[in-house]
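Please keep the sequence and the coordinates at hand while reading.

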Amino acid sequence: MTNVERITAALQAYMKAEMPEELRKAMEYSLLAGGKRLRPMLCLSACEMTGGQLETALPLACALEMIHTYSLIHDDLPCMDDDDFRRGRPSNHKVFGEANALLAGDGLLSFAFEVMLSEGPKHVAVAPRYYEAAAEIARGAGVNGMVAGQWKDLANEKNPSADAATLTDIHTRKTGALITAAVLAGGMAGKADAAEMKALRAFGAHFGVLFQITDDLLDVEGDEKTVGKTLGKDAAHEKLTYPALYGVSASRRMAEEEARLAEDALAPFGERAVWFIELTEQTLTRTF
Ligand code: GRG
């Protein structure tokens, strides 16, 4: 079984918990619709790279994917980005209605914390920093992380005076914070020492920017079928993005520079970082 299959199997198992059937359907519709499973993979891989047990990181990884999926459902709502397609199928609110989509997102967010916290006692003896990892995920998702980034993103639509510092701040929070939390949580579930945690943080920061720049570029140059969502929306909403501020070629060069910095940050791990290096290279040329 690959790690992506392990994550999907664990998500399916968690979703068998008792809850109203219609709510389960709405949550599963988006959670089990595919997606790259990037954040949970970062978490599991950081745990493995730092000498930890995969089972310890699995509840944290699943919680990351639930939180990420809730953010996508809410982001697609008409009151936010108003997107009709996500993960290659109609957005959650198109199928279940706005109120139910809102609740499916709320359900995934709260269930993420239920899973992380209720699984803790099983893992804390082998991973004493397990709850610290859960707190890191909460910070990444929360009021100074992803939620703050989304807030600032919406506040800066159609803002002609928005500058490079604002762009960096928005994306460091909106995309980077949960990605960084994923690798840090993996390191805490593993046996990362202080120097390795510092390296993971630096990798997360640069990889997060790289991921966001390539996301912005896909919105300009990607293929809708392959990406699985409506493209060209950033320009339509007059969003502050890398291509809008710097142009496509300069954005591509910035992505290459962030990839180099992300790979440099992995130096302390030597050969053990091979999965992260490959991921970074693939992200540079990703088509979805
Ligand atoms: C609603 C609080 C709240 C936050 C929303 C995730 C997000 C913040 C907005 C989505 C819009 C967007 C394009 C964000 C930047 C990059 C990003 C997070 C893309 C989606 O993540 P992927 O590519 O998606 O990992 P999959 O479907 O593969 O999991």
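How do the residues of the lining of the largest cavity divide into nonpolar, polar and charged? They divide into five nonpolar, four polar and four charged, where Ala, Val, Leu, Ile, Met, Phe, Trp, Tyr, Cys and Pro count as nonpolar, Asp, Glu, Lys and Arg as charged, and the others, Gly among them, as polar.

## Basis of the model

The model is predicted, and local features need pLDDT of at least 70, side-chain atom pairs count only at pLDDT 80 or more, while totals for chains, interfaces and linings use all residues. Residues are numbered from 1 along each chain as its sequence is written, and side-chain values use heavy atoms, with hydrogens and water left out.

## The cavity

Rolling a probe the size of a water molecule over the atoms shows where empty space is left. On a 1 Å grid over the protein atoms alone, a cavity is a set of points where a 1.4 Å probe fits but cannot get out, whereas a pocket is an open set with protein on both sides within 12 Å along at least five of seven lines, and lining residues have an atom within 4 Å of a point. Grid points are joined across faces, edges and corners, and a volume is the space filled by probe spheres set on the points.

A search of the whole structure finds one cavity of 30 Å³ or more, and the largest cavity has a volume of about 80 Å³. It is lined by 13 residues, of which Tyr29, Ser30, Arg86, Arg87 and Asn92 are the closest to its centre. Two or more lining residues come from each of α2 (21–31), α4 (54–76) and β2 (89–90), these elements being DSSP runs numbered from the N terminus, with helices (H or I) of at least four residues and strands (E) of at least two. The largest share of this lining, four residues, belongs to α4.

## The second largest pocket

The second largest pocket has a volume of about 270 Å³, and of the 19 residues that line it, Thr172, Gly176, Ala177, Thr180 and Arg201 are the closest to its centre. At least two residues of the lining are supplied by each of α7, α9 (164–189) and α10 (194–221), and the largest share, eight residues, comes from α9. By class, the lining has five nonpolar, nine polar and five charged residues.

## Helix packing

Helix α6 (residues 98–123) and helix α7 (residues 130–141) pack at an angle of about 165 degrees, with their axes 9 Å apart; axes are lines fitted to C-alpha atoms, for helices over the stretch in contact, and angles run from 0 to 180 degrees between N-to-C directions. That angle makes α6 roughly antiparallel to α7, given that angles under 35 degrees count as roughly parallel, over 145 as roughly antiparallel, 65 to 115 as roughly perpendicular and the rest as oblique. The contact (heavy atoms within 4.5 Å) involves residues including Phe113, Met116 and Leu117 of α6 and Tyr130, Tyr131 and Ile137 of α7, and its residues divide into 10 nonpolar, two polar and one charged.

Helix α4 and helix α8 (residues 146–155) pack at about 20 degrees with their axes 12 Å apart, and are therefore roughly parallel to each other. Their contact is made by Ile67, Tyr70, Ser71 and Asp75 of α4 and Met146, Val147 and Gln150 of α8, a set with four nonpolar, two polar and one charged residues.

The axes of helix α1 (residues 3–14) and helix α3 (residues 38–49) come within 10 Å and cross at roughly 115 degrees. Here Asn3, Val4 and Ile7 of α1 meet Pro40, Met41, Leu44 and Glu48 of α3, and the residues of this contact divide into five nonpolar, one polar and one charged.

## A residue of helix α14

Glu263 lies in helix α14 (residues 248–265). Its C-alpha atom is separated by 8.7 Å from that of Phe207, 56 residues apart along the chain. Leaving aside neighbours within four places in sequence, Glu263 is in contact with Ile277, Thr280 and Glu281.
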